[in-house]
Amino acid sequence: MDEWNSDAVISTAKKLSSYRLCDSCLGRQFATVSHGMSNEERGAIIRQLLGLEKVEVEECWLCGGMMGELGKFAEMVVEAMEKYEYETFLVGSRVEKEITAKEDEILSLTEYGESIKREINREVGKLVSASTGKEVDFIRPHITAIINTQYDDIELDIRPLYIYGRYRKLIRGIPQTKWPCRKCNGIGCEYCHGTGKMYEESVEEIIAKRAVEIAEGGEEYFHGAGREDIDVLMLGNGRPFILEIREPRRRKIDLSDLQKEINSFGKGKVEVSELRFAEKKEIEKLKAMKATKTYRVIISFEKGKN
Ligand SMILES: [Zn+2]
Ligand SMILES: [Zn+2]
């Protein structure tokens, strides 16, 4: 407890004592003084050191009761994420300007403080983790949940699924990617017979259809390592691609099952192999890849006249 009794800590506490702060908001101004305890506990220590009376959270000048709502925020986050499959998550927050402005004022009086957002993110993260058994991941979480404290609203950022594979195109006449109708730009018109597309199907659509259905995803994006013309085949061991599926509700997907599904759906047209999960950063590498191609050319000569 000696760290709390230093002159510097006491004099900072005295400067802050004119503000009516709940234990969390008081303790947060001393977040770096001692480890292994919550800001609420830190606040109680400071209060006892100075003999201050306890301020109920609803009466708090800084948070106005918000620090008493962390359990509610955690429940809202859990509920919002429920319909998605995930193993890792991260909590973020947007706090009303009124509070952050007051916080700036107070943080200028202490050298030990941390921001209220940081505390909300950490404490709500702990509560969500305890109730779901899922883990906080700061680098690449499956879901990031942003709490808007002013409107009691949760916004989710779902990490897309990236599936790498190689495809072979077994027939001519289908483009690599979706090709919107050039007259209506995808809306559907007489020219495209209401399909909105220049071509009935594409390598992209044949590969993506079952994948999006199984992942219960939203939009998909097809990233190919280069492209081939509509009227050529893609044989050999195939062209590498990454299929990106946005907002997937399922991410534990059996890729060998998916490969079978895609190949039976694309039978005689498109065939995929080597499916595996990929990372976003691989897309750039894939795009920059220089594929070596082998063309078969038949040349006929006129008979020499010499
Ligand atoms: Zn407070
Ligand atoms: Zn059209």
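How many residues lie between β3 and β4 in their hairpin, and which residue in the turn has a positive phi? There are four residues between the two strands, and Asp152 in the turn has a positive phi of about 50°. This is a predicted model, in which local features need pLDDT of at least 70 and side-chain atom pairs count only at pLDDT 80 or more, while totals for chains, interfaces and linings use all residues. Residues are numbered from 1 along each chain as its sequence is written, chains are lettered from A and ligands numbered from 1 in the order in which they are written, and side-chain values use heavy atoms, with hydrogens and water left out.

The protein chain has nine helices and eight strands. Helices (H or I, at least four residues) and strands (E, at least two) are DSSP runs, numbered from the N terminus. The radius of gyration of the protein chain is 29 Å, well over the 19 Å that the globule rule gives for 306 residues, so the chain is more spread out than a compact globule. That radius is taken over C-alpha atoms, and the globule rule is 2.2 Å times the number of residues to the power 0.38. Along the principal axes, the C-alpha atoms fill a box of roughly 110 × 45 × 35 Å.

Two strands pair if DSSP finds at least two bridges between them. Strand β3 (residues 143-148) runs antiparallel to β4, and six bridges join them. Across this pair, Asn148 stands opposite Asp153 in β4, and Ala145 stands opposite Leu156 in β4.

Contact means heavy atoms within 4.5 Å. Axes are lines fitted to C-alpha atoms, for helices over the stretch in contact, and angles run from 0 to 180 degrees between N-to-C directions.

Two packed helices are described by the angle between their axes and the distance between the axes. The axes of α4 and α6 come within 9 Å and cross at roughly 55°. That makes α4 oblique to α6. Angles under 35 degrees count as roughly parallel, over 145 as roughly antiparallel, 65 to 115 as roughly perpendicular and the rest as oblique. The α4 and α6 crossing is right-handed; a crossing is left-handed if the near helix is turned anticlockwise from the far one by less than a right angle, and right-handed if clockwise. Residues in the contact include Phe73, Val77 and Met81 of α4 and Ile120, Val124 and Leu127 of α6. By class, this contact has 10 nonpolar, three polar and one charged residues. Here Ala, Val, Leu, Ile, Met, Phe, Trp, Tyr, Cys and Pro count as nonpolar, Asp, Glu, Lys and Arg as charged, and the others, Gly among them, as polar.

Another helix pair is formed by α1 (residues 7-16) and α3 (residues 39-50), whose axes come within 11 Å and cross at roughly 90°. That makes α1 roughly perpendicular to α3. In the contact, Val9, Ile10, Ala13 and Lys14 of α1 meet Ile46, Leu49 and Leu50 of α3. The classes here are six nonpolar, no polar and one charged.

A further open sheet of four strands has the order β6-β7-β5-β8, with antiparallel pairing. β6 (220-224) and β8 (270-277) are its edge strands, each pairing on one side only. From one strand to the next, the twist averages 30°. Six bridges link strand β5 (residues 161-169) to β8 in the antiparallel sense, and Ile163 stands opposite Phe277 in β8. Helix α8 lies across β5 and β8, running at about 165° to β8.

Helix α8 (residues 255-265) also meets helix α7 (residues 203-215): their axes come within 9 Å and cross at roughly 135°. The two helices are therefore oblique to each other, and α7 passes α8 in a right-handed crossing. Among the contact residues are Ile207, Ala211 and Ile214 of α7 and Leu258, Ile262 and Phe265 of α8. By class, the contact has seven nonpolar, no polar and three charged residues.
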